[in-house]
Each structure stands twice: as C-alpha cells, then as structure tokens.
Amino acid sequence: MEANMTQAMDFIEGDPVAVLTTEPVSRLFDYLAPAGGVSIGALVKVPLGPRGVLGVVWSAGTGFDKSKLRPISMVADLPPLAPDMIEFLTRVADYNVAPLSQVLRLATRAPGLLDPPAKRKLISLTGRQPNKSTAARSRVIDFLKSEGGRPFAPVELAQLAGVSPSVVNGLVQQGVLLVQDAPRDMPYPRLDPNHPGKALSVIQADAAEALRGSVRSGSYNTTLLKGVTGSGKTEVYLEAVAEAMAQGRQGLVLLPEIALTVDFLERLQVRFGSRPAEWHSGATMSERRRCWRAVASGEAQLVVGARSALFLPFQDLGLIVVDEEHDGSYKQEEGVFYHARDMAVLRASITQATVVLATATPSLETWANAEAGKYTRLDLPERFGTAKLPEMAAIDMRDEAMQPNQWISPNLRDEMRKAYAEGSQSLLFLNRRGYAPLTLCRACGEQVGCDSCDSRMVEHKFQNRLICHQCGAWKPIPTTCPSCDVAGKMTALGPGVERIAEEVAEVFPEARVEILSSDLSDSARGLKARIEAIAAGEADIIIGTQMVAKGHNFPHLTLVGVVDADLGLQGGDLRAAEKSFQLIRQVAGRAGRAEKPGRALLQSFQPNHPVIEAILSGDEEAFWRTEAEARRSANAPPFGRMAGVIVTGPKEAEVYEIANQLARNAQPLFTIGAQLFGPAAAPIAKIRDQYRVRLLVKTAKGAPLQKALRQWVAPIKKPNGLRIKLDIDPQTFF
Ligand code: ADP
Ligand code: ZN
C-alpha cells in the first residue's frame with residue numbers, strides 16, 4: 001500500500017475525526033487522527049471502553065471536546081473505502097431503516113482486516129553457481145529452471161525437488177537461492193477479456209453489443225436481459241463482463257445459489273482463461289480474506305458471488321450482473337433486511353455502473369420498470385441451437401381415476417412409461433421436501449407439531465424422523481399418539497418428494513430414480529456429482545423440489561410432470577401468482593434442452609385458474625399485464641409501497657403489548673397518508689419459541705416512508721429480548 005503512504009491524508013495527526021464502528025451503537029464516535037494522519041474511509045482500530053474495535057473513518061469530528069478524545073490506535077494496511085462505497089452503505093442503511101453499524105458489518109465480513117499484511121517466504125534462483133555441485137543441489141536448480149523461474153515456498157521446493165530441507169538451506173547460504181517476502185495471499189490470475197468466447201448467433205451478438213455499449217457509456221444504466229432458459233443469456237452477459245474488464249473496471253456477477261457456482265466458475269475459466277474471485281458462505285476464511293483484499297485493492301477484476309458479495313469494497317465497480325434476478329434468495333431476511341437486486345441498482349447508480357438483470361421470468365417489479373422505460377429491455381426469444389420450448393398441457397385431476405395415497409395420475413403415468421420406453425428421462429416436480437407434510441392421529445385428530453414453533457412436523461422417511469421446517473428440530477416418528485396414547489393410528493397425510501419416489505418405485509420397479517432435494521444433498525460437491533450423473537443419463541426418473549428449477553442442463557430429459565400445479569396458488573401472498581408462474585415455467589423449461597423435443601404436464605384441480613391458463617398459453621406478456629393491472633388497482637407494489645413490521649419476543653403478552661403500542665402511536669405514518677394494518681398473529685405465530693406478531697404499512701409510491709417509520713418506532717421502549725423488525729418491500733408474509 002505504498003502508494004497510499006505518499007497520498008495526501010484528509011486529516012493530520014491530532015485532528016478530530018468521527019469513526020463508525022461495527023459495534024451495536026447507533027452513533028459515530030470522535031477520535032484523534034494518529035501519527036502520519038488518516039483519510040476518510042480508512043479502516044482503523046479504535047478504543048471503545050476497554051476494548052479495541054474495528055471502525056471506519058467516516059467524517060471530520062462531530063465536535064466533542066478535543067481534550068477528552070483518545071487517538072485512533074491503528075490504521076489498517078488496506079486502501080480506504082472509496083467515497084462511493086461510503087455513500088452506498090449510508091443509503092442502504094437509510095433505505096432499509098437499518099443501523100449504519102450493522103450495514104458496515106456487512107461490508108467488513110472478512111477475517112483479519114486489522115492484522116499486519118501476512119507474508120510468506122518464497123525462494124528463487126539468483127544465477128550464482130554452488131561452490132560444489134552435488135546430485136541433490138543440481139536437482140533443486142534444475143527443478144527451478146524447469147519451472148521457468150517461478151518462486152516456491154521452502155518446504156514445497158524441497159519436496160518437489162526430492163531433497164531434504166537442509167540442501168535448500170545450504171544453497172540459500174551460498175547465495176545460489178534467494179529468499180524473499182511475498183504477500184501471503186496468492187494474487188488472482190489475470191483474466192483475459194479477449195480470450196475467444198463462443199461464436200454468438202445474430203440475436204445474441206446484437207444483445208451482447210448493446211450491453212457492451214451500455215458498459216462503455218461509463219454511466220449508470222440497467223438492462224433486463226430476458227430469455228428462456230438455454231437462450232444464451234449467460235454467454236451474452238459474459239460479453240458485458242469482458243467489456244468492463246477491457247475498460248479496466250471491476251465486475252460482479254451475483255448468483256442465487258452456491259451450488260451453481262461450481263459449474264459456473266468452470267464456465268468462466270473457459271471464457272476468460274482463468275478463474276475469477278469467488279465470495280459465498282461456503283468459502284474458507286483465507287479465501288474470504290484473499291477475495292476481500294483483492295477487491296479492495298482493485299486487483300480482482302471479477303467476483304462471482306452470493307448476494308452478500310454486493311457489499312465488497314470495490315474500488316471501481318463498472319458492472320453488476322444479477323443472474324436469475326427474480327430469485328427469492330436475493331432478499332435477506334435477517335439482520336439487515338435488504339433486497340440484493342434492488343441494492344445492486346442503487347450501488348450502480350452511485351458508482352456509474354451498468355446493471356444486467358438476467359432471467360427467463362422477471363419479477364413484476366423488473367418487468368414494470370422495463371415497461372416504464374426505466375430499464376432497457378433485451379429479449380433473447382429462442383433457445384440456442386435446435387432446442388425447442390416444451391409443449392405444455394394440463395391434466396385435469398377432476399377427471400382422473402385416482403386411488404388413495406396416489407399422486408401420479410394415470411395420464412401422467414402413461415406419458416412417463418412412453419418416455420421410459422424411449423430411453424428418455426422424466427422429471428416429477430413437487431415443491432415439498434420429505435415424505436409427508438402432516439402426521440395425523442386417526443383416533444383423536446391430533447396433528448404432530450413442533451414444540452418450539454407454530455408449525456406441523458414433516459415426516460422424513462429416509463432420515464426416519466419428523467422434522468420441523470421452521471427450526472430444524474426433530475422427533476422420532478411416533479407409533480402411539482402423543483396426545484391420546486392410542487397405538488397404531490398415526491397416519492402420514494399428503495405427499496412430499498420421498499413419497500412420490502415410493503409411488504414411482506411401485507409403478508416403475510426397474511427404473512433408476514434420483515431425488516433432488518436440498519435436505520438430501522450433503523455437500524455442494526456431492527450434489528454436483530449427482531447432477532452430472534443425471535445429465536450423463538444415469539437416471540430414468542428424477543423427482544425434485546424447487547432446486548431442480550435452477551439452471552441445470554439435463555439433455556436426456558423430455559418429460560416434466562408438475563405433481564401439484566395448484567400448490568403455490570393457495571395462501572394470501574401478494575406474489576403467489578407471480579411465484580407460481582415463474583417456478584412452473586422454469587421447471588417446465590427443463591424439458592427438451594437438447595435435440596429431443598419436450599413436454600410439460602401440469603396436474604391441476606383448477607386448470608382454468610388464470611395463472612395455470614397463462615402458463616399453458618405461453619402468452620407471458622398477457623400474464624404480466626394482467627398481474628400488473630391487479631397490483632396497480634390494489635396500490636400494491638411496485639405501484640404502491642409496503643413495509644412489514646414483525647414484533648418478536650419470548651413472552652406472548654409483551655409482544656402483543658408492544659404491537660398494540662405501535663398501533664396506538666401511528667401518527668407519524670398517518671401524517672404521510674399511510675395505512676396501517678394489524679397487529680395480528682403472524683401466519684406462523686411462533687418460531688423457535690419466539691412469538692410473532694405482524695403489522696403492515698402501505699403508502700403511495702412517493703411518500704417518505706422510511707423517515708416516518710423511524711419516527712414511529714424510535715420512541716417505543718422495548719423490553720429485553722423483544723425485537724421490532726422492519727422489512728421494506730417485503731417479499732414474504734409468514
Ligand atoms: P441461459 O443463461 O439463457 O440459460 P446459456 O448461456 O447457459 O443460457 O446457454 C445455454 C447453453 O447453450 C449452454 O450450454 C451454452 O454454452 C450454449 N450456448 C449458448 N449460446 C451459444 C453459442 N452462441 N454457441 C455455442 N453454445 C452456446
Ligand atoms: Zn420448530
């Protein structure tokens with residue numbers, strides 16, 4: 001960081017400066033700049049009470065008595081956070097009504113930021129000859145020459161050259177080898193934007209050129225890149241990544257699932273000649289440190305990561321791709337509640353970057369923003385190559401002769417039989433993990449529930465237990481009713497994927513069956529191996545939860561059966577229709593990816609439901625228009641704004657008391673013309689022994705919602721253990 005040393009500092013020794021720490025205190029603290037001065041954005045260690053804590057120099061001092069201030073203890077050997085990063089963090093806190101210190105914590109989630117730069121020893125040749133040549137000495141010298149002068153760690157060198165460490169030491173002492181300090185973190189290999197990519201089709205090339213132009217403009221813009229699965233969206237946005245690199249700006253690709261990055265990184269390696277930096281919860285501590293530092297120094301050209309990668313300290317971020325932008329996992333619903341897609345747009349608008357929102361099925365928010373002209377829209381209408389979209393039809397379950405405890409209709413069975421006979425794969429989709437969602441006592445009607453949550457326990461036959469999907473608690477599967485003590489009357493009700501697998505095994509005893517469900521794949525690597533095996537044709541029938549909807553390529557798959565197309569349509573969720581539409585279309589899109597045409601069959605008791613009809617008709621725009629109209633007339637997002645409020649705590653009476661206090665003191669909300677709904681018990685009224693009560697705030701689009709929320713909640717005195725969580729633009733309502 002020598003360059004920084006010579007740069008002019010914002011503050012000289014003894015100047016009062018305000019520091020934001022990551023501690024849960026809601027204000028800045030003043031300190032004195034240390035010897036050598038300090039700049040805004042510098043990461044520092046400051047005394048707080050008896051401890052030393054991490055902080056960032058945020059501004060000039062806030063006016064405390066200078067004689068009482070303590071100096072900053074240490075300035076980290078890292079580039080200061082860029083001014084646009086500081087603005088971004090501030091605006092994230094404002095928008096999501098979150099404490100700034102918590103937002104800063106999102107941005108400093110790497111180990112050892114205050115540690116001195118870690119070094120390691122590396123050995124290379126000097127060119128001098130040894131005073132006496134021995135076989136062992138020659139092996140070391142020849143090995144290093146054969147590696148083209150690349151330096152090695154001492155132990156590694158001895159091992160690779162097949163000599164004892166004393167031989168290496170002897171050569172160092174004679175000056176034949178040179179030991180030098182090198183940074184502990186390996187630099188990332190350079191990515192080459194000009195490394196040849198695939199030859200694009202005309203439509204792909206046009207879209208890629210448009211995105212390249214957007215990046216070249218060097219100013220903020222957002223594009224919706226819409227195309228069916230397999231149309232080449234990834235190929236196209238990688239051209240935008242290449243352009244950002246060519247401009248010398250950093251790029252970020254956000255993905256919804258860690259499991260996907262394994263394949264994805266290999267694909268990037270092919271495109272750019274090397275692997276980019278990666279950032280996700282599965283990364284080791286040293287990988288996280290390496291990535292954070294390389295991003296901060298500007299050395300990392302491209303980061304591929306999960307939503308929290310958005311908070312990395314980029315020096316000059318020129319492009320953010322949000323792949324599968326409609327995916328629900330972009331919304332964080334713990335700690336700071338934020339939507340990574342929306343915050344990506346915010347960050348890009350501050351840093352003059354391009355955003356690419358890639359999806360086959362946009363969120364209504366994004367669709368409407370494109371419709372309103374705020375986003376550019378690019379469509380990739382066809383699948384690349386010969387692959388065609390599957391033909392879709394409903395199976396009217398009212399007309400099917402179904403036996404008890406049977407969920408695959410005769411009609412669907414016939415189609416599966418045909419596919420099996422042809423040597424093609426079938427996929428059955430049911431978005432329910434486990435064996436059965438409900439365990440009921442036929443004697444007394446008791447439904448086995450979780451002791452800590454307001455939820456029924458789900459039978460998982462493979463693990464031979466009942467599991468709570470809210471908190472993960474489990475119990476043995478009871479044979480006697482825990483309520484009435486009658487034996488032999490406990491019954492599993494309804495299907496999960498494991499139960500569908502049982503039915504498939506009865507009907508197709510010879511077939512090779514694979515279940516893809518998040519609770520059955522121990523590791524990302526194990527999952528990848530299973531997905532590759534399926535893609536290679538090592539399964540006949542695949543049964544999966546929503547994880548099969550995500551971008552896997554199964555070239556032998558020709559039939560998709562949606563076991564319960566009505567499942568997502570129930571429940572009063574604002575986005576029920578939209579989510580169902582997206583999910584079923586994504587799953588259907590798995591069929592017929594290679595040369596073989598595909599079919600998707602939707603089992604439904606209400607085949608005339610508008611959402612089912614929209615899916616079948618293939619007229620997506622009609623669906624979005626209808627859905628947008630319904631939301632507009634209800635003043636619902638994205639045409640009006642909402643904020644969810646969840647009051648949680650261990651004591652039910654206290655939770656209600658605080659929720660009622662909020663309702664009684666809602667004047668700040670009414671001043672901006674907002675409506676308040678609730679309080680009411682949340683649909684899941686207890687999770688992990690925490691009671692949950694909800695309120696909902698609705699306003700017109702332009703109203704100063706965040707300011708009103710702060711004024712409303714700030715005066716409330718919360719008992720210990722009670723929390724008021726604010727959720728701007730809520731995505732879930734449970
Ligand atoms: P999407 O991101 O829209 O699902 P991809 O970019 O992953 O689509 O493309 C789907 C498949 O088609 C991938 O295997 C990809 O390598 C291939 N593909 C797409 N475009 C081309 C192209 N122009 N040349 C060769 N292969 C392509
Ligand atoms: Zn539970």
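Rings of Phe, Tyr and Trp (for Trp, its six-membered ring) pair if their centres lie within 6.5 Å; planes under 30 degrees apart count as stacked, over 60 as edge-to-face and the rest as tilted. With that in hand, welcome to the tour: this structure holds seven aromatic pairs.

Some ground rules first. This is a predicted model, in which local features need pLDDT of at least 70 and side-chain atom pairs count only at pLDDT 80 or more, while totals for chains, interfaces and linings use all residues. Residues are numbered from 1 along each chain as its sequence is written, chains are lettered from A and ligands numbered from 1 in the order in which they are written, and side-chain values use heavy atoms, with hydrogens and water left out.

**Stop one: the rings around F581**

Select F581 and F623. Their rings are stacked, 3.9 Å centre to centre with 10° between the planes. This pair links distant parts of the chain, 42 residues apart: F581 belongs to helix α16 (residues 576-588) and F623 to helix α18 (residues 620-633). Helices here are DSSP runs (H or I, at least four residues), numbered from the N terminus.

Are F581 and F623 buried or exposed? Both are buried, where buried means under 20% relative accessible area and exposed over 50%, with partly exposed in between (1.4 Å probe, protein chains only). W624 is buried too, with a relative accessible area of 0%.

Select F88, F311 and Y338 to see one aromatic cluster. Then try R290, which lies over the face of Y188 at 4.0 Å from the ring centre. R465 lies over the face of W474, at 3.6 Å from the ring centre. A charge sits over a ring if NZ of Lys or CZ of Arg is within 6 Å of the ring centre and within 35 degrees of the ring normal.

**Stop three: ligand 1**

Show the 15 residues around ligand 1; A199, Q204, G230, K233 and T234 come nearest. A residue is near a molecule if one of its heavy atoms lies within 4 Å of it. Helix α8 (residues 233-246) gives the largest share of this shell, three residues.

Next, pick K198: an N or O atom of its side chain is 2.9 Å from an oxygen atom of ligand 1. At G232, a backbone N or O atom lies 2.9 Å from an oxygen atom of ligand 1.

Notes: A polar contact is a pair of N or O atoms within 3.5 Å; within protein, one must be able to donate a hydrogen and the other to accept it, and residues adjacent in sequence count only if both atoms are side-chain atoms. Helices (H or I, at least four residues) and strands (E, at least two) are DSSP runs, numbered from the N terminus.
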